[in-house]
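Let's take a friendly walk through a protein model together. Have a look at the picture, and then read on for a few details.

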Amino acid sequence: MPSATGNKRVRGVSVFRPFIFGSEAQLFDPEKKPANAPVDHTHQWRVFVKGINGEDISYWLKKVQFKLHETYAQNVRTIEQPPFEVVETGWGEFEIQIKLYFVPESNEKPQTLWHSLKLHPYGPDAEGMKERREVVVSQNYEEILFNEPVEPFYEVLTGGSAAGQLARGKGKNAKQGGQGRTAQIPLNDGPKNAYSRTTENKELDRMAEATKTVEQMIKEEKERLVAREKTLAELRESEGVPATTKKR
Ligand code: SLL
């Protein structure tokens, strides 16, 4: 059904939004097995869809439907607000269907992802990890690309400002995305982002320092000039030359 909020697309623009989806699982602590867990269950797990560094993604993601294995009662779980996750217990691994529903302004169809729930440690130290009952994390970084979003959604994505346009330029195939809703750079720098508000502030401090130095130099130069003019005036006076020459 077409959205009532507007269908005009922003031509030549793609906006992407990053997110993480995956699971975390842990073998029950033999002493602390949840009382309500069925006897054959061995693990506690969680499947989720979330923003990067805890970023709220609910401004573009409206709800998430997780489809669990049929062995689960009410195996279709719809989560309408963050955290978009299902916490469960179980004994076996299976494929989870994750369906992303976007906010109504988007006029976008839902998109489906698949995640393999991992309960058992894998990799070179699998045995050691099992021994230590380490949390088994299996997650993926993903980016959703909205090609030529409808205008109201574009507004939502970019925080209602044209600032997003500055991120990577406007025009055909321009891609926008990143941490926030605008082109604002991240707070701190890291291995993946050399530019942050911290580095920007440092740069501003350096510029303020440099400005101060330059102002001091100008002040000193002016003082020298005044002193020279004074000397010149004195010389002229001693030679009987008028200190100032009137323009005619
Ligand atoms: C397997 N193909 O055989 C998979 C199926 C099913 C997992 C795994 C608990 C269900 C319940 C549960 O862990 N199901 O008892 O509610 O490994």
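Helices (H or I, at least four residues) and strands (E, at least two) are DSSP runs, numbered from the N terminus.

## About the model

This is a predicted model, in which local features need pLDDT of at least 70, side-chain atom pairs count only at pLDDT 80 or more, and totals for chains, interfaces and linings use all residues. Residues are numbered from 1 along each chain as its sequence is written, and side-chain values use heavy atoms, with hydrogens and water left out.

## Around the ligand

Now look at the side chains. A polar side-chain atom of H41 is 2.9 Å from a ligand oxygen atom, and one of Y72 is 3.3 Å from an oxygen atom of the ligand. For T71, a polar side-chain atom lies 3.0 Å from a ligand nitrogen atom. A polar contact is a pair of N or O atoms within 3.5 Å.

## A salt bridge between strands

A salt bridge is a side-chain nitrogen of Lys or Arg within 4 Å of a carboxyl oxygen of Asp or Glu. The count by this rule is 9 salt bridges. One of them joins the side chains of E24 and R46 (3.4 Å, N to O). E24 belongs to strand 1 (residues 13-27) and R46 to strand 2 (residues 43-50), so this pair ties together parts 22 residues apart in sequence.

## Two loops to find

Most residues other than glycine have a negative phi, and most peptide bonds are trans. In the loop between strand 6 (95-102) and strand 7 (111-116) you will find N107, a non-glycine residue with a positive phi near 60°.

The loop between strand 4 (76-79) and strand 5 (84-90) contains P83. The peptide bond from P82 to P83 is cis, with omega near -5°.

Key. A polar contact is a pair of N or O atoms within 3.5 Å; within protein, one must be able to donate a hydrogen and the other to accept it, and residues adjacent in sequence count only if both atoms are side-chain atoms.
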